[in-house]
Amino acid sequence: MKNTFIGTPMERREDLRFLRGRGEYVDDVAMPGLLYAVILRSSVAHGRLVSIDASAALKIPGVHAVITGRDMPGGPPIVPMRLQPLPEFKPFEQPVIAHDKVRYVGEPIAVVLATSVAIGEDALDVIDVKIDELPAVADWTVAQQNKSILFDKLGTNRSLVFESRKGDADAAFAKAPYVRRERLRTGRHYGLTMEPRGVMATWDDAKGKLTIYGAAKVPFFNRRILAAQINLPVEQIEMIENDVGGGYGARGEFYPEDFLIPFAARHVKRPVKWIEDRRENLMAMNHAREEEAILEVACERDGTLIAIRGDVHTDMGAYMRTNGAVGARNVCQFLPGPYRIPHVKIDSSLWMTNKTPVGTYRGPGRFEANFFLERMIDMIAEDLGIDRIEFRRKNLITAKEQPYKVATVQPTNAVDEYDSGDYPAALERALKEVNWPEVSKLQGKLIDGKYHGLGVVCFIEGGAAGPKETARIEANDDDTFSVYLGTTSVGQGVETVFAQIAADALEVPVDRIRHVYHGSTAYVSDGYGAYHSRSTVMGGSAVLDATNNFMAVLRQAAGKKLGCAESNITFDIDKVTAGDGRSLPLRTFAGLTAEGEFKNHKHTYSYGAHIAHVTVDARIGRIEIVDYVVVQDVGRAVNPLTLKGQVIGSLVQGLGGAVLEDLKYDENGQLLTGSLADYLLPIATDFPNLRCFVTDDHPSPINPLGAKGAGEGGIIAAGGCMANAVANALQSFGVQPRQLPLSPGYIWELVQAGQRKAAE
Amino acid sequence: MSTTFEVNGKQVTVDVEPRMTLADCLRHELRLTGTHVGCEHGVCGACTVLVNGEAVRSCLTLAVQAEGSQVTTVEGLSNDADLTPLQKSFRKHHALQCGFCTPGFITTAHALLTEEPDCDADRVREVLSGNICRCTGYIGIVEAVLDARQHYKK
């Protein structure tokens with residue numbers, strides 16, 4: 001049977017448990033003899049750790065132990081980088097617990113183990129910590145003065161400069177007829193998951209084995225890190241991924257607690273659980289985004305883009321975390337986005353500051369890059385008197401220019417190219433969906449006290465990071481199959497999507513895929529995980545390979561049993577048949593299994609356009625969305641239902657970053673947004689009118705599914721699109737937003753400044 | 001101290017510290033882990049349960065405050081045989097991804113639809129604005145609740 005489950009919107013398998021409250025997240029797992037870990041975190045942003053006295057805490061009934069760096073033989077281990085692990089970053093990596101200096105508010109200092117969380121929290125209050133405070137480095141502009149230094153021996157707060165280069169930008173600028181220079185910045189956001197992080201560890205003293213619950217995203221990587229830190233062979237550690245309440249890049253990376261909790265369990269020889277509370281989460285989970293760009297764009301007088309050059313500065317926080325360099329790297333490689341810019345020269349500096357360290361958040365570096373360039377394009381088009389749509393049409397990379405080579409980044413020597421697509425077609429589709437000829441008449445118009453504005457931006461989204469992914473297929477004793485994955489679920493619907501892919505590959509009804517297993521390092525030989533919008537593309541392609549391998553071993557086994565040549569064996573849904581018509585049910589081969597893999601060093605690039613129609617109340621700086629359209633071409637849509645969920649869901653996260661979200665610090669490095677009443681997230685009343693159109697007109701040529709990573713397209717262009725829409729609405733005030741978020745206060749200030757200027 | 005209340009139709013007596021929240025009591029003492037804790041300061045709504053039919057934040061309610069009342073959790077709004085019409089509607093409209101906030105939305109929406117089966121989209125959005133979902137962008141959730149109204153009309 002030839003299936004078409006791929007491409008069919010299918011309701012999700014995982015919903016059956018989630019909707020009935022039967023999901024099992026890490027805090028739902030109970031264990032006899034459990035101790036609860038509570039972490040004492042630094043309340044000082046920068047200082048020398050003088051002493052920790054836990055004697056009073058240890059007297060509280062129910063407090064079992066207080067662990068500090070002194071309990072770790074050889075000192076606290078370091079958390080190594082997973083992505084871009086350059087030697088230059090080594091000195092900036094994070095120890096699992098502070099031992100000589102504290103470098104951000106929220107850095108772990110001690111771990112209390114108690115019989116309840118409440119008793120553990122009581123104990124935190126009586127641990128006496130002495131810290132000699134040092135001047136805090138509260139942002140990159142302070143960091144670059146190098147007066148107060150986070151890592152004394154290094155003498156600088158800059159950990160690295162990524163350099164992206166294409167063509168000869170300086171020569172191009174020297175003879176360019178038009179150059180615009182701008183300074184733009186994005187706020188500090190993070191991939192806040194509704195489920196805070198959690199780790200539970202059990203230590204089997206007899207077998208010398210650790211079992212870790214609460215693993216997510218990249219369990220195989222994390223197992224290797226932990227094994228090295230804790231001096232165990234990898235096979236003596238099992239990582240178990242429970243249901244995971246959101247990922248967005250932030251959840252599942254290796255954090256200090258991913259060492260501290262297993263270490264504590266082994267230290268006291270009892271199971272230990274740690275569940276992060278929301279306040280901790282705001283100061284301990286990876287931050288992201290805070291970047292400032294000083295850019296120049298050169299073009300012809302007709303709007304043809306020639307070159308881009310400049311500097312981007314990323315506020316890295318206090319340490320280089322596992323994937324901390326990705327945003328700063330991506331921003332310099334992808335600043336040109338979907339546009340043809342022959343000459344590129346960007347220096348991207350990574351500045352260490354006394355804030356929570358940075359990691360990835362959905363669309364890392366790409367959200368920022370899109371805001372920077374799209375904002376500049378609108379300002380340039382206005383300056384040159386060119387229609388901004390025409391400006392984009394002129395510069396978008398066309399289908400016949402694909403694959404299109406982008407700038408190379410040093411020192412990682414990252415060479416990359418876009419894979420396929422018709423970028424102008426996506427823009428045209430978005431214009432059609434909003435009825436541009438009609439709606440464009442509203443630009444800048446004041447109606448019922450609100451100014452109408454339109455934002456139009458184009459984007460590309462990278463996906464499908466290599467080097468490989470693994471999957472395994474096994475026959476069950478009830479004539480069904482199980483699929484085992486090396487990749488992971490962070491809530492995106494992996495069980496459903498992979499059942500569709502496997503059913504099509506095996507040519508069986510989808511209910512013959514009894515279960516899709518993910519979430520243990522025991523299922524397959526190796527795995528990578530859920531990041532860089534890669535699970536469906538990489539894992540799905542691995543399922544195709546596993547299917548081929550499974551069919552080969554099935555023919556072999558059936559040939560033996562039926563006494564005929566393997567080549568004469570056919571398989572159909574639940575039976576295996578020899579050339580002469582004799583057959584055996586699939587269950588005869590229960591337990592038969594084969595692994596497959598997909599290796600890939602290229603990336604997929606889905607692409608599209610966003611158009612926002614907003615109104616702005618200039619008196620109070622309030623933005624409302626009248627209509628918002630996203631068009632995204634994803635190469636091949638496996639499940640259009642869940643895919644649209646990815647696009648709209650990531651769009652609303654992006655709108656949060658565009659207008660609401662910002663992690664604020666004062667000049668002493670104190671986090672001012674320590675609750676969800678301060679760090680504002682989108683709620684149901686904020687953004688009601690959103691539409692998305694997912695197309696699969698241009699399959700990716702670099703994987704057998706033709707699919708492209710598509711979990712980030714909604715977020716990437718939201719900041720640029722909203723800022724352009726606000727500028728368009730408030731054109732009569734000369735408003736040009738140069739930073740995010742577009743808070744009411746910021747918009748109000750821009751309007752006031754515009755009015756003052758007009759009055760002069 | 002000892003406190004007695006009804007959970008999903010069954011009377012329970014638990015011995016808890018006065019400072020224990022209803023959320024912790026449900027999750028850890030009664031092992032009803034469908035109620036999730038997302039912020040512990042009353043903003044995210046993941047812990048919403050029904051107390052005497054009203055949607056209440058169980059992270060801001062002490063267990064001892066539930067004395068004598070009827071508490072309903074997501075488990076009490078579910079059955080083994082099949083999804084309920086509200087749950088089916090959530091599934092159909094892809095109103096959940098990671099599932100962590102979902103029990104809070106189900107309980108909140110159930111309370112709303114029971115009281116106001118004729119509510120419009122604005123009212124649904126207003127009532128659900130006390131629950132945070134980070135995955136879906138709310139479009140599917142609002143559609144799901146609107147679509148389920150028919151099953152609550154008497």
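Visitor: Why is A:Val629 called buried?

Guide: A residue is buried if 20 or more other C-beta atoms, placed from the backbone, lie within 10 Å of its own; with 12 or fewer it is exposed, and in between it is partly exposed. A:Val629 has 23 other C-beta atoms within 10 Å, so it is buried. Do keep in mind that this is a predicted model, in which local features need pLDDT of at least 70, side-chain atom pairs count only at pLDDT 80 or more, and totals for chains, interfaces and linings use all residues. Residues are numbered from 1 along each chain as its sequence is written, while chains are lettered from A and ligands numbered from 1 in the order in which they are written.

Visitor: Where does A:Val629 sit, and which residues is it in contact with, leaving aside neighbours within four places in sequence?

Guide: Its place is in strand β33 (residues 622-633) of chain A; strands are DSSP runs (E, at least two residues) and helices are runs of H or I with at least four, numbered from the N terminus. Contact is the case when two C-beta atoms, placed from the backbone, lie within 7 Å. By that rule, the partners of A:Val629 are A:Ala430, A:Glu433, A:Val434, A:Ile611 and A:Arg691. A:Ile611 is 18 residues away in sequence, yet the C-alpha to C-alpha distance is 5.3 Å.

Visitor: What is the expected span of helix α19 of chain A, and how far does the helix reach?

Guide: The expected span is 1.5 Å times one less than the number of residues. Helix α19(A) (residues 744-759) has 16 residues and reaches 22 Å from first C-alpha to last, close to the 22 Å expected.

Visitor: What puts the buried residues of α19(A) on the same side?

Guide: Those residues are A:Ile747, A:Leu750 and A:Val751. The arc is taken from the directions from the helix axis to the C-beta atoms. They cover an arc of only 100 degrees around the axis, so they lie on the same side of α19(A). They pack against β32 (604-617) and α18 (718-729) of chain A. On the other side of α19(A), A:Gly745, A:Arg756 and A:Ala759 are exposed.

Visitor: How many residues does each chain bring to the contact between A and B?

Guide: Chain B gives 43 residues and chain A gives 44. The largest share of chain B's side, four residues, comes from α2(B).
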